[in-house]
Amino acid sequence: MFQLRFTTLVEAPLTVAFDVGRVLGRPWPWALTEVATDRPHADEHRGAGGLLAQVRHTRRFHPTGAGTLVDEQVEWENRVPGFLGRLLDQTVVRRHVLGAMQAHLDLFAAAAQRRAEDVVQVVGAALVSDGRVLVAQRGAGPFAGLWEFPGGKVERGESELAALVRECREELSVEIAPQAFLGEVPLPGVVAGGAPSASTLRVWWGRIVAGDPVDHEHSELRWATAGELEALDWIPADRPLLPAVRALLDRL
Ligand SMILES: Nc1nc2c([nH]c(=O)n2[C@H]2C[C@H](O)[C@@H](COP(=O)(O)OP(=O)(O)OP(=O)(O)O)O2)c(=O)[nH]1
(Lines give C-alpha, C1' and ligand atoms only; values in the text may rest on other atoms or scores of the structure.)
Protein backbone atom coordinates (compact mmCIF):
# COMPACT_ATOMS: atom_id res chain seq x y z
CA MET A 1 0.00 0.00 0.00
CA PHE A 2 1.17 3.55 -0.77
CA GLN A 3 -0.15 6.39 1.30
CA LEU A 4 -0.28 10.15 1.73
CA ARG A 5 -1.57 12.13 4.68
CA PHE A 6 -3.02 15.65 4.58
CA THR A 7 -4.04 18.00 7.40
CA THR A 8 -6.06 21.13 6.78
CA LEU A 9 -7.33 23.68 9.27
CA VAL A 10 -10.81 24.72 8.21
CA GLU A 11 -12.28 27.88 9.73
CA ALA A 12 -15.66 26.33 10.40
CA PRO A 13 -17.39 24.40 13.18
CA LEU A 14 -17.27 20.60 13.19
CA THR A 15 -20.68 19.95 11.66
CA VAL A 16 -20.14 22.50 8.88
CA ALA A 17 -16.72 21.06 8.02
CA PHE A 18 -18.14 17.53 7.97
CA ASP A 19 -21.26 18.37 5.94
CA VAL A 20 -19.39 20.46 3.35
CA GLY A 21 -16.78 17.69 3.01
CA ARG A 22 -19.57 15.20 2.45
CA VAL A 23 -21.24 17.28 -0.26
CA LEU A 24 -17.93 17.91 -2.08
CA GLY A 25 -17.10 14.21 -2.00
CA ARG A 26 -13.62 12.99 -2.90
CA PRO A 27 -11.41 14.31 -5.71
CA TRP A 28 -11.25 11.10 -7.75
CA PRO A 29 -12.56 10.65 -11.27
CA TRP A 30 -14.39 7.45 -10.26
CA ALA A 31 -17.04 7.06 -7.60
CA LEU A 32 -15.92 5.72 -4.21
CA THR A 33 -18.32 4.00 -1.86
CA GLU A 34 -18.84 5.30 1.65
CA VAL A 35 -18.08 2.39 3.96
CA ALA A 36 -18.23 4.17 7.35
CA THR A 37 -19.59 7.44 8.66
CA ASP A 38 -19.64 8.89 12.15
CA ARG A 39 -20.98 12.44 11.77
CA PRO A 40 -19.29 14.84 12.50
CA HIS A 41 -16.11 12.99 13.51
CA ALA A 42 -15.01 10.64 10.72
CA ASP A 43 -15.86 8.93 7.46
CA GLU A 44 -14.26 6.42 5.14
CA HIS A 45 -14.60 5.76 1.40
CA ARG A 46 -13.24 2.92 -0.71
CA GLY A 47 -13.10 2.16 -4.39
CA ALA A 48 -10.92 1.53 -7.40
CA GLY A 49 -10.36 2.98 -10.87
CA GLY A 50 -7.79 3.93 -13.49
CA LEU A 51 -4.30 2.87 -12.45
CA LEU A 52 -5.43 2.14 -8.89
CA ALA A 53 -6.52 -1.35 -7.93
CA GLN A 54 -7.74 -0.18 -4.53
CA VAL A 55 -8.16 3.20 -2.76
CA ARG A 56 -9.05 3.83 0.88
CA HIS A 57 -9.75 7.45 1.82
CA THR A 58 -10.40 8.23 5.51
CA ARG A 59 -11.16 11.60 7.01
CA ARG A 60 -11.15 12.61 10.68
CA PHE A 61 -12.44 15.92 12.05
CA HIS A 62 -10.94 17.36 15.25
CA PRO A 63 -12.28 20.51 16.94
CA THR A 64 -9.66 23.11 17.86
CA GLY A 65 -9.75 26.70 19.09
CA ALA A 66 -8.97 27.90 15.56
CA GLY A 67 -11.53 25.78 13.72
CA THR A 68 -11.75 22.17 12.59
CA LEU A 69 -8.58 20.22 11.86
CA VAL A 70 -9.31 17.79 9.03
CA ASP A 71 -6.91 14.87 8.95
CA GLU A 72 -7.12 12.81 5.75
CA GLN A 73 -5.36 9.66 4.79
CA VAL A 74 -5.31 8.29 1.26
CA GLU A 75 -3.99 4.75 0.77
CA TRP A 76 -3.84 2.96 -2.56
CA GLU A 77 -2.52 -0.03 -4.42
CA ASN A 78 -1.41 0.15 -8.06
CA ARG A 79 -2.61 -2.24 -10.71
CA VAL A 80 1.02 -2.87 -11.70
CA PRO A 81 2.92 -4.96 -9.13
CA GLY A 82 6.59 -5.00 -8.10
CA PHE A 83 9.38 -2.66 -9.23
CA LEU A 84 7.45 -1.33 -12.22
CA GLY A 85 4.54 -0.54 -9.94
CA ARG A 86 6.76 1.41 -7.56
CA LEU A 87 8.33 3.30 -10.46
CA LEU A 88 4.90 4.12 -11.82
CA ASP A 89 3.88 5.29 -8.39
CA GLN A 90 6.80 7.66 -7.98
CA THR A 91 6.65 9.08 -11.48
CA VAL A 92 2.92 9.35 -12.08
CA VAL A 93 0.44 8.21 -9.43
CA ARG A 94 1.76 10.00 -6.35
CA ARG A 95 2.03 13.31 -8.20
CA HIS A 96 -1.50 12.85 -9.45
CA VAL A 97 -2.89 12.12 -5.97
CA LEU A 98 -1.04 15.13 -4.50
CA GLY A 99 -2.28 17.52 -7.17
CA ALA A 100 -5.87 16.31 -6.94
CA MET A 101 -5.89 16.52 -3.14
CA GLN A 102 -4.32 19.97 -2.96
CA ALA A 103 -6.88 21.47 -5.35
CA HIS A 104 -9.66 19.67 -3.50
CA LEU A 105 -8.53 20.85 -0.06
CA ASP A 106 -8.32 24.51 -1.15
CA LEU A 107 -11.85 24.26 -2.48
CA PHE A 108 -13.05 22.47 0.65
CA ALA A 109 -11.55 25.01 3.09
CA ALA A 110 -13.02 27.97 1.18
CA ALA A 111 -16.46 26.36 0.85
CA ALA A 112 -16.61 25.42 4.55
CA GLN A 113 -15.56 28.93 5.61
CA ARG A 114 -18.31 30.44 3.41
CA ARG A 115 -20.93 28.01 4.71
CA ALA A 116 -19.95 28.73 8.33
CA GLU A 117 -21.16 32.31 7.90
CA ASP A 118 -24.73 31.01 7.49
CA VAL A 119 -24.75 28.62 10.44
CA VAL A 120 -25.33 30.12 13.88
CA GLN A 121 -22.75 28.95 16.40
CA VAL A 122 -23.21 28.78 20.16
CA VAL A 123 -20.37 29.55 22.58
CA GLY A 124 -20.22 28.64 26.23
CA ALA A 125 -17.92 29.69 29.06
CA ALA A 126 -16.56 27.35 31.71
CA LEU A 127 -15.69 30.08 34.22
CA VAL A 128 -13.38 28.70 36.86
CA SER A 129 -12.52 30.15 40.24
CA ASP A 130 -11.12 28.49 43.39
CA GLY A 131 -11.38 25.00 41.89
CA ARG A 132 -15.06 25.37 40.92
CA VAL A 133 -16.86 26.05 37.66
CA LEU A 134 -19.88 28.32 37.28
CA VAL A 135 -22.92 26.46 35.96
CA ALA A 136 -26.32 27.93 35.18
CA GLN A 137 -29.84 26.52 35.24
CA ARG A 138 -32.11 27.58 32.38
CA GLY A 139 -35.28 29.21 33.60
CA ALA A 140 -37.46 29.13 30.49
CA GLY A 141 -37.90 27.50 27.09
CA PRO A 142 -37.48 23.89 25.99
CA PHE A 143 -34.49 23.35 28.30
CA ALA A 144 -36.08 24.90 31.42
CA GLY A 145 -34.66 23.34 34.59
CA LEU A 146 -31.57 21.92 32.84
CA TRP A 147 -28.00 23.04 33.54
CA GLU A 148 -25.70 24.64 30.98
CA PHE A 149 -22.63 26.83 30.54
CA PRO A 150 -23.35 30.56 30.41
CA GLY A 151 -23.09 31.82 26.84
CA GLY A 152 -25.22 32.13 23.73
CA LYS A 153 -25.34 32.60 20.00
CA VAL A 154 -22.54 34.24 18.03
CA GLU A 155 -23.97 37.15 16.05
CA ARG A 156 -23.35 37.60 12.32
CA GLY A 157 -19.94 39.18 11.76
CA GLU A 158 -18.97 38.77 15.42
CA SER A 159 -15.96 36.66 16.44
CA GLU A 160 -16.53 33.69 18.69
CA LEU A 161 -14.47 35.11 21.56
CA ALA A 162 -16.11 38.54 21.29
CA ALA A 163 -19.46 36.74 21.60
CA LEU A 164 -18.24 34.84 24.65
CA VAL A 165 -17.15 38.06 26.39
CA ARG A 166 -20.40 39.85 25.43
CA GLU A 167 -22.66 37.02 26.61
CA CYS A 168 -20.92 36.86 30.01
CA ARG A 169 -21.29 40.62 30.36
CA GLU A 170 -25.01 40.50 29.44
CA GLU A 171 -25.96 37.38 31.39
CA LEU A 172 -23.74 37.71 34.46
CA SER A 173 -22.41 41.30 34.60
CA VAL A 174 -18.81 40.06 34.64
CA GLU A 175 -15.80 40.79 32.46
CA ILE A 176 -14.02 37.61 31.43
CA ALA A 177 -10.73 36.67 29.80
CA PRO A 178 -10.96 33.52 27.62
CA GLN A 179 -8.11 31.13 28.44
CA ALA A 180 -8.28 27.97 26.32
CA PHE A 181 -10.58 25.99 24.08
CA LEU A 182 -12.14 22.99 25.84
CA GLY A 183 -14.28 21.26 23.25
CA GLU A 184 -17.13 21.26 20.78
CA VAL A 185 -20.36 19.24 20.53
CA PRO A 186 -23.08 19.13 17.87
CA LEU A 187 -26.46 20.53 18.97
CA PRO A 188 -29.19 18.15 17.80
CA GLY A 189 -31.97 20.76 17.76
CA VAL A 190 -32.74 23.80 15.64
CA VAL A 191 -30.72 26.91 16.52
CA ALA A 192 -31.98 30.30 15.31
CA GLY A 193 -34.22 28.74 12.65
CA GLY A 194 -31.36 26.81 10.97
CA ALA A 195 -31.41 23.16 9.90
CA PRO A 196 -31.64 20.60 12.72
CA SER A 197 -28.22 19.56 14.00
CA ALA A 198 -26.38 22.18 11.89
CA SER A 199 -24.98 24.17 14.83
CA THR A 200 -22.46 23.29 17.49
CA LEU A 201 -21.64 24.47 20.99
CA ARG A 202 -17.99 25.42 21.49
CA VAL A 203 -16.89 25.78 25.11
CA TRP A 204 -13.93 27.82 26.38
CA TRP A 205 -12.29 27.97 29.76
CA GLY A 206 -12.50 31.55 31.04
CA ARG A 207 -11.45 33.59 34.06
CA ILE A 208 -13.49 36.38 35.59
CA VAL A 209 -11.32 39.49 35.59
CA ALA A 210 -13.88 41.99 36.96
CA GLY A 211 -17.16 41.73 38.86
CA ASP A 212 -19.05 39.01 40.70
CA PRO A 213 -21.61 37.00 38.73
CA VAL A 214 -25.12 38.40 39.04
CA ASP A 215 -27.90 36.29 37.59
CA HIS A 216 -29.89 38.08 34.86
CA GLU A 217 -31.28 35.18 32.81
CA HIS A 218 -31.13 31.89 34.65
CA SER A 219 -33.16 30.45 37.50
CA GLU A 220 -30.00 29.58 39.43
CA LEU A 221 -26.21 29.99 39.26
CA ARG A 222 -23.98 27.55 41.11
CA TRP A 223 -20.22 27.11 41.62
CA ALA A 224 -19.76 23.34 41.14
CA THR A 225 -16.78 21.17 42.04
CA ALA A 226 -15.46 18.52 39.63
CA GLY A 227 -17.23 15.85 41.68
CA GLU A 228 -20.61 17.61 41.51
CA LEU A 229 -20.75 18.03 37.71
CA GLU A 230 -21.95 14.56 36.69
CA ALA A 231 -25.02 14.56 38.98
CA LEU A 232 -26.46 17.82 37.60
CA ASP A 233 -29.32 17.52 35.13
CA TRP A 234 -27.46 18.91 32.07
CA ILE A 235 -28.79 19.77 28.63
CA PRO A 236 -27.97 16.35 27.10
CA ALA A 237 -25.77 17.80 24.32
CA ASP A 238 -23.38 19.24 26.95
CA ARG A 239 -22.52 15.94 28.65
CA PRO A 240 -19.62 14.95 26.34
CA LEU A 241 -17.88 18.20 27.40
CA LEU A 242 -17.87 17.33 31.11
CA PRO A 243 -14.67 15.20 31.10
CA ALA A 244 -12.68 18.15 29.70
CA VAL A 245 -14.11 20.49 32.35
CA ARG A 246 -13.43 17.96 35.12
CA ALA A 247 -9.86 17.50 33.87
CA LEU A 248 -9.38 21.28 33.88
CA LEU A 249 -10.63 21.59 37.48
CA ASP A 250 -8.37 18.72 38.57
CA ARG A 251 -5.38 20.35 36.88
CA LEU A 252 -5.78 23.89 38.24
N1 LIG B 1 -25.63 29.10 26.37
C2 LIG B 1 -25.72 27.78 26.17
N3 LIG B 1 -26.58 27.31 25.23
C4 LIG B 1 -26.64 25.98 25.09
C5 LIG B 1 -25.86 25.09 25.86
N6 LIG B 1 -26.15 23.81 25.48
C7 LIG B 1 -27.09 23.87 24.51
O8 LIG B 1 -27.61 22.93 23.92
N9 LIG B 1 -27.39 25.21 24.26
C10 LIG B 1 -28.36 25.65 23.25
C11 LIG B 1 -29.62 26.23 23.83
C12 LIG B 1 -30.06 27.21 22.75
O13 LIG B 1 -30.75 26.48 21.72
C14 LIG B 1 -28.74 27.71 22.17
C15 LIG B 1 -28.24 28.97 22.82
O16 LIG B 1 -29.20 29.90 22.81
P17 LIG B 1 -29.35 31.08 23.89
O18 LIG B 1 -30.80 31.30 24.05
O19 LIG B 1 -28.54 30.82 25.12
O20 LIG B 1 -28.66 32.23 23.07
P21 LIG B 1 -28.72 33.80 23.31
O22 LIG B 1 -28.21 34.07 24.71
O23 LIG B 1 -28.00 34.38 22.15
O24 LIG B 1 -30.26 34.11 23.36
P25 LIG B 1 -31.34 34.80 22.42
O26 LIG B 1 -30.63 35.65 21.43
O27 LIG B 1 -32.09 33.65 21.79
O28 LIG B 1 -32.19 35.52 23.42
O29 LIG B 1 -27.79 26.66 22.44
C30 LIG B 1 -24.97 25.61 26.85
O31 LIG B 1 -24.26 24.90 27.57
N32 LIG B 1 -24.94 26.96 26.95
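β6 (122–129), β9 and α3 (160–172) each supply at least two residues to the lining of the largest pocket. Helices (H or I, at least four residues) and strands (E, at least two) are DSSP runs, numbered from the N terminus. This is a predicted model: local features need pLDDT of at least 70, side-chain atom pairs count only at pLDDT 80 or more, and totals for chains, interfaces and linings use all residues. Residues are numbered from 1 along each chain as its sequence is written, and side-chain values use heavy atoms, without hydrogens and water.

| Pocket | Volume | Lining residues | Lining by class |
|---|---|---|---|
| Largest pocket | about 670 Å³ | 28 residues | 14 nonpolar, seven polar, seven charged residues |
| Second largest pocket | about 530 Å³ | 21 residues | seven nonpolar, six polar, eight charged residues |

A pocket is an open set of points on a 1 Å grid over the protein atoms alone, where a 1.4 Å probe fits, with protein on both sides within 12 Å along at least five of seven lines; lining residues have an atom within 4 Å of a point. Grid points are joined across faces, edges and corners, and the volume is the space filled by probe spheres set on them. Ala, Val, Leu, Ile, Met, Phe, Trp, Tyr, Cys and Pro count as nonpolar, Asp, Glu, Lys and Arg as charged, and the others, Gly among them, as polar.

Val122, Arg138, Phe143, Glu148 and Ile235 lie nearest the centre of the largest pocket. In the second largest pocket, Ala116, Glu117, Gln121, Val154 and Glu158 are closest to the centre. Its lining draws at least three residues from each of domain 1 (2–116) and domain 2 (122–251). These bounds come from an automatic or database domain assignment.

Phe149 lies in the loop between β8 (147–148) and β9 (151–153), and Trp234 in the loop between α4 (226–229) and α5 (242–251), 85 residues apart. Both Phe149 and Trp234 are buried, meaning under 20% relative accessible area with a 1.4 Å probe, protein chains only.

Across the chain, buried residues make up 46% of the 252 residues.

Methods: Buried means under 20% relative accessible area, exposed over 50%, partly exposed in between (1.4 Å probe, protein chains only).
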